[in-house]
Amino acid sequence: MMKRIVLRPHLMLAALIAIVLPMAATQARAQQGAAGSGKIHGTVNDPAGSPETAGTVSLYPGASGGVTPDIDAKYSFPVDANGIYKGDNVTAGTYTIIFRQPTTPKNQVVDQIDGIKITAGQDTEANMDMSRPEYIAKLTPEQRKALEETKAKNASILKENAQIKNLNADLGKARADDKAKNYADAVALMQRDANIKTDAAVLWVELGLAQAGQAEADRTQADKAAGAQQELTEAETNLQKGLTMDQAAKKPDVTMEGAAEDKLGEIYVIDGKIPEAQAAYDAAAKANPPSAGMYYENEAIMMDRIGQSLPAAADGIVPAADKAIAADPTRPIPYFLKGRALIAKATVDAKTQKILAPDGCVDALQKYLQLAPTGQFAPDTKQMLTELGQTQESSYKAGKKH
């Protein structure tokens, strides 16, 4: 199964400008308040309205500054990645608060607010919003131009993030529709969204998966079978499109690529393109090795499904099962498919008239029963072993691989 991939929102741009000023000139100091302490908290936003993601808020006793940063600060509190700072055990009184970024030179500040009163037993909110008019007024014309450009880019990002939120909701609905076999609804939704955000690989892959599901459903209905091949062709095109996009991305999503290659393998088997199908399943396993056992099991299942009408597919069952077993020996179905496929190559001893199973056949059937003694194929497996003159072993030990 494909991991639940989502589209990621973009990060807001940090403001490209922030004025750096010397501390304000000394004014008359207010006296410290009476004994007792309080708390302080707030947010720090840059001129574009985005949170500052690092820095320090410092408190200086008095109504205004006029002291040296890093030397006379009575309290200092870090600003977190969300632009939030907080502190407690602050002696009641009036303070000047300043904000400095990690790179702000000493004796300079990025922002300063005077006259913040801390009251004993209370939590004072003091926000430092550098988008306020009096702060913007201090910017140079060049800084104001840079600020407007940043605001415009942020507005574009906000709009796209809103779109991404809607697309992720649609992805969730499409996957629910696929699970409920409402493929037509999933196809319509993903077709619309893929045309809205044409560079999102996951949307094209999800569209292809839904189209393949719709084709599979239509193939079983006489009045719709004619259109199933066209749906498979469209599914193949969109899966390949999504794969190409993702493979060119800076951070490819290997789980999504594995799922897309897996579904392409299924489509190729249905179309009778056995070499292409085998290449697709190999590509799925290469892209996402932890799921290789599942992909190769799917390959063996598809080869088995079409093997009665296509000898090349029948010949592919055992190799696919062997790859599945090698990738994940705990999956029972590949053993069953391998054993059943090998029985087709059994011979009869001319003297004893006993059925002679090819090497590996009995081992595979015994291993299936060991892993799934009450599995869906257990009755068939026991019958095959009986016909081969074998009995189920209570404690199976695998023989040599063939």
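In which helix is the place of Tyr-183? I found Tyr-183 in helix α3, which covers residues 183–196. Helices here are DSSP runs of H or I with at least four residues, strands are runs of E with at least two, and both are numbered from the N terminus.

**Entry 1: basis of the notes**

I note that this is a predicted model, in which local features need pLDDT of at least 70 and side-chain atom pairs count only at pLDDT 80 or more, while totals for chains, interfaces and linings use all residues. Residues are numbered from 1 along each chain as its sequence is written, and side-chain values use heavy atoms, with hydrogens and water left out.

**Entry 2: Tyr-183**

I looked up the accessibility of Tyr-183 and found 16%, which counts as buried. The term buried stands for under 20% relative accessible area, exposed for over 50%, and partly exposed for values in between (1.4 Å probe, protein chains only). I then listed the contacts of Tyr-183, leaving aside neighbours within four places in sequence: Asp-177, Asp-178, Ala-210, Gly-213, Gln-214 and Ala-217. Contact means heavy atoms within 4.5 Å. For Gln-214, which is 31 residues from Tyr-183 along the chain, I recorded a C-alpha separation of 5.2 Å.

**Entry 3: salt bridges**

How many salt bridges does the structure hold? I recorded 16. A salt bridge is a side-chain nitrogen of Lys or Arg within 4 Å of a carboxyl oxygen of Asp or Glu.

I looked up the pair Glu-134 and Arg-132, whose closest N and O atoms are 3.5 Å apart. Glu-134 is partly exposed at 49%, whereas Arg-132 is buried at 17%.

In the bridge between Lys-197 and Asp-199, I noted 3.4 Å between the closest N and O atoms. Lys-197 is buried, with a relative accessible area of 11%, but Asp-199 is exposed, with 55%.

For Glu-266 and Lys-263, the corresponding N and O distance is 3.2 Å. Both residues lie in helix α6 (residues 254–270), and because they are 3 residues apart, about one helical turn separates them. I found Glu-266 buried at 17% and Lys-263 buried at 19%.

**Entry 4: α7 against α8**

I examined helix α7 (residues 274–287) and helix α8 (residues 292–306), whose axes come within 8 Å and cross at roughly 165°. Axes are lines fitted to C-alpha atoms, for helices over the stretch in contact, and angles run from 0 to 180 degrees between N-to-C directions. The two helices, α7 and α8, are therefore roughly antiparallel. By the cut-offs, angles under 35 degrees are roughly parallel, over 145 roughly antiparallel, 65 to 115 roughly perpendicular, and the rest oblique.

Among the residues of α7 that meet α8 are Ile-274, Tyr-281 and Ala-285, and those on the α8 side include Ala-292, Tyr-295 and Met-303. By class, I noted 10 nonpolar, 2 polar and 2 charged residues in this contact of α7 with α8. Ala, Val, Leu, Ile, Met, Phe, Trp, Tyr, Cys and Pro count as nonpolar, Asp, Glu, Lys and Arg as charged, and the others, Gly among them, as polar.

**Entry 5: α6 against α8**

How are α6 and α8 oriented to each other, parallel or antiparallel? Their axes come within 9 Å and cross at roughly 10°, and α6 and α8 are therefore roughly parallel. I noted that the contact includes Glu-266 of α6 and, in α8, Tyr-295 and Met-303. By class, the contact of α6 with α8 has 7 nonpolar, 3 polar and 2 charged residues.
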